[in-house]
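Hi,

Here's the structure I promised to pass on. Have a look at it first, then read my notes below.

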Amino acid sequence: LNIPEEALVFGMHQGNRTDIFSRVPLESYAQFRKKLPDKDSENVFYVLLGGTHLHREQATRLNIKNVIFLDFNTNVSYIHDFISSIDVFSHGRADGEVCSAAIIEALSQGKPVITHPAENNGHLEQIDGCGVVADSMEGYANALKDLCYNHELRHQLSARAKNKYTTAYSLDACVKSYINIYKKLYDNLS
């Protein structure tokens, strides 16, 4: 993709569905880029795997630099390779999430997540303590800036994201949760 090794890469993956398109991530990225010093401008990117034509039209309309679109792909290995290549998962979905597999995938690789509230807000719990919830475009743009320039914050949230995955969403954590449910049910029957 011709992204420099030292570049900071924001990104997300999303299905090709216009009903879930959110203008927040790319519009906030455009706001953030306008405030970037020239020396940093060429080393910050946004990569979107999938998405819809609305994302591409928005990027063109806003004349966003350093945004790359990859075709939708359902191959799990490809998606995980994609996530491993970004630094921050910059999430947005018009209707929100009940329980986002995409966010869980990002957490599994220790990616901090930026998102915004929506109708469904399960994703807010998912990133609690390991991401940023922005209540406005300006807040989202500021979160992009913070995670771009504050390396310590980015690394702290990354470690917390990995820990959240391990303790709440990994197979072992889920199996333990189910075992505890069955134990409680069994104990209540006794």
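This is a predicted model: local features need pLDDT of at least 70, side-chain atom pairs count only at pLDDT 80 or more; totals for chains, interfaces and linings use all residues.

Two elements, α1 (24–34) and α7 (137–149), each give two or more residues to it. By type, the lining splits into two nonpolar, two polar and two charged residues. The cavity holds about 40 Å³ of space, and a search of the whole structure turned up one cavity of 30 Å³ or more. If you're wondering how such gaps are found, rolling a probe the size of a water molecule over the atoms shows where empty space is left.

Next, the core. The largest nonpolar core has 48 residues, and F10, Y29, F32, Y46 and F89 touch the most other members. Here too α7 provides the largest share, seven residues.

Now zoom out. The protein chain has nine helices and eight strands. Its radius of gyration is 18 Å, close to the 16 Å that the globule rule gives for 190 residues, so the chain is as compact as a globular protein of that length. The C-alpha trace spans about 70 × 35 × 30 Å along its principal axes. Buried residues make up 45% of the chain.

Enjoy exploring!

Definitions and conventions. Residues are numbered from 1 along each chain as its sequence is written. Side-chain values use heavy atoms; hydrogens and water are left out. On a 1 Å grid over the protein atoms alone, a cavity is a set of points where a 1.4 Å probe fits but cannot get out, and a pocket is an open set with protein on both sides within 12 Å along at least five of seven lines; lining residues have an atom within 4 Å of a point. Grid points are joined across faces, edges and corners, and a volume is the space filled by probe spheres set on the points. Helices (H or I, at least four residues) and strands (E, at least two) are DSSP runs, numbered from the N terminus. Ala, Val, Leu, Ile, Met, Phe, Trp, Tyr, Cys and Pro count as nonpolar, Asp, Glu, Lys and Arg as charged, and the others, Gly among them, as polar. A nonpolar core is a set of buried Ala, Val, Leu, Ile, Met, Phe, Trp, Tyr and Cys residues joined through side-chain atoms within 4.5 Å. Buried means under 20% relative accessible area, exposed over 50%, partly exposed in between (1.4 Å probe, protein chains only). The radius of gyration is taken over C-alpha atoms; the globule rule is 2.2 Å times the number of residues to the power 0.38.
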